Amino acid sequence: MMDTEKIQDFLINKKCNWEIKFTEECGSTNEEVLKIIKGNPTLALSGLVLLTDWQSKGRGRRGSTWESNKSKDLLFSIAFSPTMDAKNWTRLTHATALGICKALKELNYDVTIKWPNDVYIGASKVAGILVESFPKILQNSKTGLAVIGVGLNVNSKHEDFSDNFRTPATSLYVKTNSKNGELNKQQIAKMVLNQIHIQIDRCENCFSEILDDIKKISFIYQKRIRIQLSNGNLITGKVLDFGNEGEIIIEKELPEPGEPKIEVITSAHEVRLI
């Protein structure tokens, strides 16, 4: 059980006015927070965070699932009306990933960002992000609603992770080798939410600085990768840079005749190091 008042007081002192709510369980925090906002659209103006101990239908990108044992990990969604143009909302994924990393670095975890929405420790995934956009869902709103879902493995143990995961998973507890019991999930929530709020505030006018910060902790920057596009095509090459909106700029190793050697990737089904 999260003490929402303490979390909210902490954030208010950090000049973040998001309202904090908690539910013991739900299908998906993204779906549940959307229902709450539809019932009370004024919450979108200040922003709403919904935390839960367990999701029965947690979702990741492209239809994948997010699994977490009850009460072990940090599961939440943030819903708000961004002030920036909807065409720039893809920035929210990058900003959220950076916010999570900055909070975890304060806790001495060596984290990286695997473009665009996963946070890694070593070669294992510790957090995932799902951003959904609803530009026309709210009446009398110029920008609509953005919902950011986050799953951060905090107290899960080795035996809690399925062997069927395509990418190995880990948790803060596993990487800490803690002998003092479970980590303080509420304190971690405060730090993570504060840093996400800071990075979202930078999104509109300082996104190039966010990208510079991401390059320093990127899992793929200046590395050789294989990208599977949504149409199934594969591209292999070196990541040269990130575009103005966070796109991958890749130098292809084996371009087809007549194709450009440099390509800008805005979305991908899968990205892997080679």
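Strands, here, are DSSP runs of E with at least two residues, numbered from the N terminus. In this predicted model, residue S56 is found in the loop between two such strands, β2 (48–55) and β3 (74–80). S56 has a relative accessible area of 43% and is partly exposed, because that class covers values between the 20% limit for buried and the 50% limit for exposed. Leaving aside residues up to four places away in sequence, S56 touches C26 and G27. K70 is 14 residues from S56 along the chain, and the C-alpha atoms of the two are separated by 9.6 Å.

The crossing of α1 and α6 is right-handed. On the α1 side the contact is made by K6, I7, F10 and L11, and on the α6 side by Q186, A189, K190, M191, L193 and N194. Sorted by class, the contact of α1 with α6 has six nonpolar, two polar and two charged residues.

Helix α6 (residues 185–203) has a further contact, with helix α4 (residues 91–106); the axes of these two come within 7 Å and cross at roughly 140°. That angle makes α4 oblique to α6, because only angles over 145 degrees count as roughly antiparallel. The crossing of α4 and α6 is right-handed. From α4, the residues that make the contact are R91, L92, A95, T96, L98, G99, I100, K102, A103 and E106; from α6 they are M191, V192, Q195, I196, Q199, I200, R202 and C203. The residues of this contact of α4 with α6 divide into ten nonpolar, four polar and four charged. M191 of α6 is named in the contact with α1 and also in the contact with α4.

Strand β8 (residues 224–228) pairs with strand β9 (residues 234–242) in the antiparallel sense, over five bridges. In this pairing R224 stands opposite K238 of β9. β8 and β9 form a hairpin with five residues between them, and in its turn G232 has a positive phi of about 95°.

Strand β9 is also joined to strand β10 (residues 248–252) by five bridges, and these two strands run antiparallel. Here F242 stands opposite I248 in β10. The hairpin of β9 and β10 has five residues between the strands, and G246 in this hairpin takes a positive phi near 90°.

Key:
Residues are numbered from 1 along each chain as its sequence is written. This is a predicted model: local features need pLDDT of at least 70, side-chain atom pairs count only at pLDDT 80 or more; totals for chains, interfaces and linings use all residues. Side-chain values use heavy atoms; hydrogens and water are left out. Axes are lines fitted to C-alpha atoms, for helices over the stretch in contact, and angles run from 0 to 180 degrees between N-to-C directions. Helices (H or I, at least four residues) and strands (E, at least two) are DSSP runs, numbered from the N terminus. Angles under 35 degrees count as roughly parallel, over 145 as roughly antiparallel, 65 to 115 as roughly perpendicular and the rest as oblique. A crossing is left-handed if the near helix is turned anticlockwise from the far one by less than a right angle, and right-handed if clockwise. Contact means heavy atoms within 4.5 Å. Ala, Val, Leu, Ile, Met, Phe, Trp, Tyr, Cys and Pro count as nonpolar, Asp, Glu, Lys and Arg as charged, and the others, Gly among them, as polar. Two strands pair if DSSP finds at least two bridges between them. Buried means under 20% relative accessible area, exposed over 50%, partly exposed in between (1.4 Å probe, protein chains only).
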